[in-house]
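Hi there,

Here is the structure I promised to pass on. Have a look at it first, and then read on for what turned up.

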Amino acid sequence: MLYNEPSPLETKVLSRRFGIPNSASLNTYLAFDGYQGFQKAARMKPDEIIAEVKASNLRGRGGAGFPTGMKWSFVPRTSPKPKYIVVNADESEPGTCKDRVLIENDPHQLIEGVLIAGLAVDSHTGYIYIRGEYRYLIEVMDKAIAEAYANGWLGKNIQGTGFDFDLYTHSGAGAYECGEESALLESLEGKRGIPRIRPPFPAVAGAFQCPTVLNNVETFCAVPAILRDGGAAFAALGIPKSGGTKMTCLTGHINKPGVYELKLGFPVKQMIEEVGGGIRNGKKMKAFIPGGSSCPVLTAAEVEGATMDYDSMAQRKSMLGSGGVIVMDEDTCMVKAALRIMRFYAHESCGWCIPCREGTTWLKKILQRFHDGQGTRNDINLIGDISKNMLGRTFCPLGDAAAMPTISIVEKFRHEFEDHLNGKPCPYEHASHMVTV
Amino acid sequence: MTFSPQLEARFAKLLTSYPPGRQRSAMIPMLLYAQDELGRIPDELVAEVARRVGVTPLQVDEVLSYYSMLHRKALGKYHVQICTNISCLLRDGDKLWEHACKKLGIGHKEVTADGQFSLEEVECIGACSWAPAVQVNYDFHHFVTPEKLDGLLDSLRKKQ
């Protein structure tokens, strides 16, 4: 089901079947162009499939934005080892809830995307790693997989093409870190979700030390349309270097929060005002996070003229990330926001690298002290220094993810930290109390 | 240990889902599904899962302590999980959390005396656009207000 009304400003490619009765069923999928991309891909050479994905300018939708076609081309197809397709459905980046609606409303689209990836890299086995909290989606997915097997869309000699593919769901059990690709692969092998050092990258040594294509749910879900309608058609929806659409989650102080599929390059102002119905209670926007809590925070002035795509956000020293937009109004205490974000990273740090484990914990303590009115002027610099000492010094991006929003908040909202000095109560909220996890 | 036929069927499927010699992969899903049936992860389950996937109980214990959904101690019959992460916080998830603590008379990771409810302040559960969000066991509840939470908890209490 859908949890918010769609917007007329959406460009529905991945979400085109949303809202159709029984959209998760195979019959509905087939009635609305389902598995056509696979049929086409089955008649193509692997290099042609990868060329089509490259032409689409599809970039990883989980947050890193790496070009998908290029990622697939790194898999050594002639390796004697089995190759694996792994779907990252460990959606847990704060602000992000798009993979949930993609799986819930159209699980066969994901299966088709996985099958096409299998054809492209000569893989015959796939795993969908779904976060444990999404138990109902494991059931949705298992049902769709069973239906696909029963009707010859999975298993041996799929639809007479001679191509075999087996697909399994795999449940996580609560760990943000397992959304990081190498930690996910460790978790898939029944271990603690601790990142691996790279190289080798998963394309060469991924699941079970074999060549692996690992992409986010949304990335795989974009692939059927790319094969069906051609990479150029998908690319044309977006802007140069950012092809297609993005499932965008509007969250925070907005009138119409929801998940909307928008063309890449969609103007931020129009997204907030028209898609999201403006800021709640007629307030002004103070801060904007484009794609999940790991992205550097932008001020309202900085997003003037910005568009939702990789380059526009990079120019502003932030990231498109996962598409989890977090909008904060003028009454938001940025110290409290920084604290809550840091509490999350401190809780989720796997503890493997010292800069991340110690850095997030100390930053949480200092920010808590600050928000309680016990901070000192020197602490403001200390927050920035500790964050900068984490950047680039950890095995995986969790340390960076904790540091980036913090550095940006301290730099851009320093006056708010100063307003909390000398035991002054939080100017934005009285008697605020935060429970510590 | 003996389990329900449904759980045994799930275990059997899991143990054949991974490449030969990689049965350890089934460990985490097995623990989670078994926990759903038993209410917690006792020592004998650790030993049983270890035996079935071919590792030592210590290796199972080492892994399970990493994952926040795996519990050695029993939770309430209804495990109420309230998200206070940034998108929920901006829509008063923190106030909802405080309300829930007062209403149930327990705090983070505590269980009511009658064993019916447990409470946990959780990190992002993937319902950010429909915040504030709550999960009771595996069921999602969106746009939750203190009044809606009261109604939900009261209806669960009656269901006992």
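In which loop of chain A does A:Asp33 lie? A:Asp33 sits in the loop between α1 (26-31) and α2 (36-42) of chain A. Please keep in mind that this is a predicted model. A:Asp33 is not a glycine, yet its phi is positive, at about 70 degrees. This residue is partly exposed, as 15 other C-beta atoms lie within 10 Å.

A:Phe208 is found between α8 and β4 of chain A. Its phi is near 55 degrees, again a positive value in a residue other than glycine. A:Phe208 has 18 C-beta neighbours inside 10 Å and counts as partly exposed. The peptide bond that runs from A:Arg198 to A:Pro199 is cis, with omega near 0 degrees. The bond from A:Pro199 to A:Pro200 is cis too, with omega near 0 degrees.

Now for the overall layout of chain A. Eight residues from domain 2 of chain A and ten residues from domain 3 of chain A make up their contact. On the side of domain 2 of chain A that touches domain 3 of chain A, five residues are nonpolar, three are polar and none is charged.

There is a helix pair to look at as well. Two packed helices are described by the angle between their axes and the distance between the axes. For helix α13 (residues 334-348) of chain A and helix α16 (residues 398-412) of chain A, the axes come within 10 Å and cross at roughly 170 degrees. α13(A) and α16(A) are therefore roughly antiparallel to each other. From α13(A), the residues that meet α16(A) are A:Met334, A:Ala337, A:Ala338, A:Ile341, A:Met342, A:Tyr345 and A:Glu348. Their partners in α16(A) are A:Leu398, A:Ala401, A:Ala402, A:Pro405, A:Thr406 and A:Ile409. By class, this contact of α13(A) with α16(A) has eleven nonpolar residues, one polar and one charged.

What about the interior? The largest nonpolar core has 182 residues, and those with the most contacts inside it are A:Ile111, A:Ile116, A:Ala117 and B:Leu31. The element that gives the most to this core is α13(A), with ten residues. Leaving aside residues up to four places away in sequence, A:Ile116 touches A:Gly37, A:Phe38, A:Ala41, A:Ile49, A:Val223, A:Pro224 and A:Leu227.

Helix α5 (residues 98-105) of chain A is mostly covered, with six of its eight residues buried. Those buried residues are A:Lys98, A:Asp99, A:Arg100, A:Val101, A:Leu102 and A:Ile103. What covers them includes β1 (84-89), α6 (107-121), α7 (135-150), α9 (217-229), β5 (245-252) and β6 (258-263) of chain A.

On to chain B. Seven helices and five strands make up its elements, and along the sequence they follow the pattern α-α-α-α-β-α-α-β-β-β-β-α. Taken along the principal axes, the C-alpha atoms of chain B fill a box of roughly 50 × 35 × 25 Å. Chain B has 160 residues, of which 44% count as buried. Among the contacts in chain B with a separation of 6 or more, 59% are between residues 24 or more positions apart.

Finally, the interface between the chains. Here 40 residues of chain B are in contact with 51 residues of chain A. On the side of chain B that touches chain A, the elements that give two or more residues are α2 (27-38), α4 (57-64), α5 (86-89) and α6 (93-104) of chain B. α2(B) gives the most to that side, with five residues. By class, the side of chain B that touches chain A has 24 nonpolar, ten polar and six charged residues.

Methods
Residues numbered from 1 in each chain as written. Chains lettered and ligands numbered in written order. Predicted model: local features only at pLDDT ≥ 70, side-chain atom pairs only at ≥ 80, totals over all residues. Contact = placed C-beta atoms within 7 Å. Nonpolar A, V, L, I, M, F, W, Y, C, P; charged D, E, K, R; others polar. Helix = DSSP H or I, 4+ residues; strand = E, 2+ residues; numbered from the N terminus. Axes fitted to C-alpha atoms, helices over the stretch in contact; angles between N-to-C directions. Parallel < 35°, antiparallel > 145°, perpendicular 65-115°, else oblique. Core = buried A, V, L, I, M, F, W, Y, C linked by C-beta atoms within 7 Å. Buried ≥ 20, exposed ≤ 12 C-beta atoms within 10 Å, placed from the backbone.
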